[in-house]
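Work through the two exercises below with the sequence and the 3D view at hand.

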Amino acid sequence: ALDKLIDQSQQTGKPFSLVFLDMDNFKVIVDTHGHLNGSQALREVAKTFQESLTEPAFGVTYGGDEFVLVLPDTGKEEALAYAGEIRARMKQTIYLASKGLEVHMSASFGIATYPDDAADRESLLALADEAMFRIKSRGKDAVGVTSPDI
C-alpha cells in the first residue's frame, strides 16, 4: 500500500505522512491486568485510531503494541496536528471499562513525510520510528517529527 501511495504522490505532487506510534508502558498494563486484557486494551486503542481517522487515512498494527497510521495528502504540519488530536483523545479515554477496570493509556508518536523526509517506504518507516524512539527516550507521551524545524 505504501509503494502504491508513493507512486500516486509522485503523480499528483501531494505529500503523505506516516505516524509511527508505540504504546507507553504497555508491559505494566499486561503485568497488572493480564495478557487477555492487554490484547483487549490494544483493540480499544485501535478503535480510538479508527474513530479519529477519515478515509483515505488508515492504520495498521506494526508489532505487538506498535501501530502505523498512514495519512494520504497530508503534510508534516497537518500530521503533527492529527497526531496531537489522537494523543488527546487517548488521554481522555478510559480503556477496559467494559471489564470493570479504569485504564489510562498513552503513546509516543513519530512522524515522517513523503517526499520531504524520504522517497521510499523503508526510509519513511525508519525515520518515523526514529522520531518515535527519540520521544520514548525523552520521557514518552508526546509527538516527534523527523525535522527539528517543527
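The model is predicted: local features need pLDDT of at least 70, side-chain atom pairs count only at pLDDT 80 or more, and totals for chains, interfaces and linings use all residues. Residues are numbered from 1 along each chain as its sequence is written, and side-chain values use heavy atoms, without hydrogens and water.

**Exercise 1.** Classify the pair formed by phenylalanine 16 and tyrosine 114.

Solution. Rings of Phe, Tyr and Trp (its six-membered ring) pair if their centres lie within 6.5 Å; planes under 30 degrees apart count as stacked, over 60 as edge-to-face and the rest as tilted. A search of the whole structure gives three aromatic pairs. In this one, the centres are 5.3 Å apart and the planes stand at 20 degrees, so the pair is stacked. Phenylalanine 16 lies in strand 1 (residues 16-23) and tyrosine 114 in strand 4 (residues 107-114), 98 residues apart. Strands are DSSP runs (E, at least two residues), numbered from the N terminus.

**Exercise 2.** Classify the pair of phenylalanine 20 and tyrosine 62, then decide whether tyrosine 62 is buried, partly exposed or exposed.

Solution. The ring centres are 5.0 Å apart and the planes at 70 degrees, so phenylalanine 20 and tyrosine 62 are edge-to-face. Phenylalanine 20 belongs to strand 1, while tyrosine 62 sits in the loop between strand 2 (58-61) and strand 3 (66-72). Buried means under 20% relative accessible area, exposed over 50%, partly exposed in between (1.4 Å probe, protein chains only). With 45%, tyrosine 62 is partly exposed; phenylalanine 20, at 2%, is buried.

Terms used: Helix = DSSP H or I, 4+ residues; strand = E, 2+ residues; numbered from the N terminus.
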